[in-house]
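Open the model in a viewer and keep the selection tool at hand.

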Amino acid sequence: MDLESNFEISRTAEFILSRNFTRVALQFPDDLLKHSTKVVTSLRNKLGSGNKVGLFVMADTAYGSCCVDEVGASHINADCVIHYGHTCLSPTSTLPAFCVFGKASLSISNCVEKLLSFFLTNGRPVLVLYGLEYAHAISQIKAALMEAMPKAKTETIFADVICSSINPLEDHRNSDGLLGLLGSLTTNNSFGAASGTRYSLGGLIWDLPEGQRMEDYLLLWVGPDNSAFANVVLTFNGCEIVRYDATEDRLVTDVSQQKRILKRRYYLVERAKDSNMVGILVGTLGVAGYLHMIHQMKELIMGAGKKAYTLVMGRPNPAKLANFPECDVFIYVSCAQTALLDSKEFLAPVITPFEAMLAFNRGSEWTGKYVMEFRDLISSSPLEVRNEPEEARFSFLKGGYVEDFELQENGDEDNEGSLALANTTQKALQLRDSNPDSLVKGIAKSGAEFFVTRSYQGLEMHANSSLPEPYLIGRSGKASGYKDEKSEHET
């Protein structure tokens, strides 16, 4: 590995010196941590002995490694973060950052040969997107294709990398302001461009001619089947997509497996509609706008008559979320490339903020459009929660009409006072009868009611007795045969 070229030592040193940073945090993912000592040594040599720049290596990020770890950098009072490896290029909240994408191995001749044969047999215009780790080779691939391919047959557009530097956003609610900030444009929305329409996604940006739509183009993805590719598949699910696998040197034309994710996500939206208690998982503390998104989710949940809990636990897993069995569904507020959690092993489904808006905004319909970046939801018009308290809601999963808690509270005037919890708990039973048109009521409205109905309430504590309890001698020996147990051979 060419350390100087792969880790962009010269460009990194220039970035640090040009902005007079004195405390620099170097963020490495787990797979690149083994190169950290060599990178630090090489970077110190490039900075020069006269510059007193402190370099601090960070590893084991609290959240996704693709995001800039501003929390870890704040522990050492860093002026900026140098991010290595795969990145989502999400704009930061407080610290500037410089991203080193790395250079994944790619045979340019083999890639050009595969793409050329594909382009010549395809009559549709092609839009080429790619993983940022292959950005170093795209210019050579583009030049070779433009030279060998007849321009009259196929229109080809190559996306460009926005920028490798990220500046913190001062006002993340204004989507138009994203265009004026260096390296901060990573939203999925389209913006007006001089030549037509400008799109951006995952650190890439491209312009379409006037009058053209994304559905008119065949998308070619150069890179592995990772979270960035899943972002492309879901965002542009109405386009035909082909993937070039540089590792195996082959074209993958069948991406139906990836598009099946939409069916799974639609099912999770229907599950979320029947929820009573919702947990908001904080999946980032550095992406600009995360705090505003959490507040927006709280307003959405409370407006739908449900209970919201905010949970900060780092990277979620089934064991962590199992500690909150009262939550029927979780909303994961994170960057676009870590938002899709495979929650099949979780006790409760995990959805994105966009799916939450579909689930908790009564009367909304899914048109097929999918928004991964929660900043697009912030910059969009405020969501109006249209509750209809006079009508029950039909649940496709329960197969009947469901009476939400907001409906139940309208007739419960006696729930005020010291017996409110007891009265609500007594009524919080799931009722069904022989009438198929009966209403299904929720089980519990809050975490307190959920724990009241549990059969296990915790260890029994005798608070009235101050005397110490006598201790008991436990068993001794092996688990296969304790000393107080009789052997099978004894009669």
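Start by selecting I331 and I351: in strand 18, I351 is the bridge partner of I331. This is a predicted model, in which local features need pLDDT of at least 70, side-chain atom pairs count only at pLDDT 80 or more, and totals for chains, interfaces and linings use all residues. Residues are numbered from 1 along each chain as its sequence is written, and side-chain values use heavy atoms, with hydrogens and water left out.

Next, show strand 17 (residues 329-333) together with strand 18; the two pair in the parallel sense over two bridges. Strands here are DSSP runs of E of at least two residues, and helices are runs of H or I of at least four, numbered from the N terminus. Two strands pair if DSSP finds at least two bridges between them.

The angles run from 0 to 180 degrees between N-to-C directions, with axes fitted as lines to C-alpha atoms, for helices over the stretch in contact; contact means heavy atoms within 4.5 Å.

Move to helix 9 (residues 261-273). Which of its residues are buried? They are L262, R265, L268, V269, E270, A272 and K273, where buried means under 20% relative accessible area (1.4 Å probe, protein chains only).

Then select F119, I141, W206 and M214, the residues with the most contacts inside the largest nonpolar core, which has 57 residues. Such a core is a set of buried Ala, Val, Leu, Ile, Met, Phe, Trp, Tyr and Cys residues joined through side-chain atoms within 4.5 Å. Helix 5 (residues 108-121) gives the largest share, six residues. Centre on W206 and look for its contacts, among them L127, I157, Y199, M214 and F236. Apart from this core lies another, of 39 residues, including C67, A304, A339 and I351.

Finally, zoom out. The chain has 16 helices and 23 strands, and 48% of its 491 residues count as buried.

Terms used: Buried means under 20% relative accessible area, exposed over 50%, partly exposed in between (1.4 Å probe, protein chains only). Lists of a residue's contacts leave out its neighbours within four places in sequence.
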